[in-house]
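Dear colleague,

I am passing on the structure we spoke about, and below it I set out what was found when its elements were examined. Please read the text with the coordinates open beside you.

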Amino acid sequence: MADQTLDAKGLNCPLPILKAKKAIMALPAGGTLEVLATDPGAVKDFAAFSRTTGHEIIEQSTEGNVFRFVLKRKA
Amino acid sequence: MADASGTKSMSIIVTKGTLDWAYPPMILSTTAAAMGLNVTLFFTFYGLTLLLKNPGLRMSPLGNPAMKMPMMGGHMGMPNFMSMIPGVDAGASLMMKDMMKKKGVATFEELRSLAIESDVRLIACQMTMDLFEYTLDDMIPGIELGGAATYIEVATQSDINLFI
């Protein structure tokens with residue numbers, strides 16, 4: 001279970017990333033954030049966001065048209 | 001170039017003030033800020049519109065054959081003469097805003113607020129402010145004034161410099 005869940009379903013680029021950034025900064029270091037998104041660009045974009053910021057994607061899955069990521073805030 | 005703390009930076013010269021062209025600088029600056037970059041936007045000429053308290057952004061299909069809107073299962077452009085009819089540009093702008101809302105695209109104002117919130121530095125070109133007779137009272141709070149040298153200094157220190 002992630003510490004927080006962000007429902008970004010229905011939002012288009014770049015809102016899922018912007019909202020995820022806000023939500024992850026509200027967590028303590030090591031805290032986890034689950035993001036749910038329907039933007040098909042989210043898969044590549046969250047990978048790039050993770051590589052650039054160092055907030056690691058520790059889980060990733062797809063259910064129907066919903067992409068789920070669990071991000072871990074950088075220590 | 002990354003600064004002493006390893007933070008990268010980006011600058012964008014923003015020269016256009018129509019609804020469609022307002023998006024790229026706002027999307028890129030908010031996203032770069034979210035990815036940890038220091039971002040500076042330099043607004044000049046029609047780009048100044050994007051800093052107005054009430055930007056009332058519009059777009060025009062005039063001279064833009066690439067502007068084809070999804071319609072009845074296909075894509076439809078608009079002949080140039082249509083743009084001369086009063087209300088057509090306003091209608092096209094409303095259509096675009098409506099389409100964006102339906103597709104979950106942020107409004108321009110929303111992105112601008114997010115940019116301010118994430119400390120994107122907003123510089124208005126002093127010369128074009130004077131040229132178009134704008135004062136700081138016309139603009140949203142928190143912007144700075146600067147000239148070409150101010151921008152060049154920022155650009156020499158940035159990893160990414162774009163012109164939009």
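Among the contacts in chain B between residues at least 6 apart in sequence, 74% join residues that are at least 24 apart. Please bear in mind throughout that this is a predicted model.

To stay with chain B for a moment, its secondary structure comes to five helices and seven strands, and these elements, read from the N terminus on, follow the order β-α-β-β-β-α-α-β-α-β-α-β. The C-alpha atoms of chain B fill a box of roughly 55 × 35 × 25 Å when this is taken along the principal axes, and of the 164 residues in chain B, 28% count as buried.

In chain A, the part to look at is an open sheet, which is formed by four strands in the order β1-β2-β4-β3 and in which the pairing is mixed. Its edge strands are β1(A), residues 4-8, and β3(A), residues 56-63, each of which pairs on one side only. From one strand to the next, the twist of the sheet averages 15 degrees. The pairing of β3(A) with β4(A), the latter covering residues 66-72, is antiparallel and runs over seven bridges; within this part of the sheet, S61(A) stands opposite R68(A), which belongs to β4(A).

Helix α1(A) packs on this sheet, where it touches β1(A), β2(A) (residues 32-37) and β4(A), and the direction of the helix makes about 160 degrees with that of β1(A).

Helix α1(A) also takes part in a contact between the chains.

Which residues make the contact? On the side of α1(A) they are I17(A), L18(A) and K21(A), and on the side of α1(B) they are T30(B), T31(B) and A34(B). Sorted by class, the contact of α1(A) with α1(B) has three nonpolar residues, two polar residues and one charged residue.

Terms used:
Residues numbered from 1 in each chain as written. Chains lettered and ligands numbered in written order. Predicted model: local features only at pLDDT ≥ 70, side-chain atom pairs only at ≥ 80, totals over all residues. Contact = placed C-beta atoms within 7 Å. Helix = DSSP H or I, 4+ residues; strand = E, 2+ residues; numbered from the N terminus. Nonpolar A, V, L, I, M, F, W, Y, C, P; charged D, E, K, R; others polar. Pairing = 2+ DSSP bridges. Axes fitted to C-alpha atoms, helices over the stretch in contact; angles between N-to-C directions. Buried ≥ 20, exposed ≤ 12 C-beta atoms within 10 Å, placed from the backbone.
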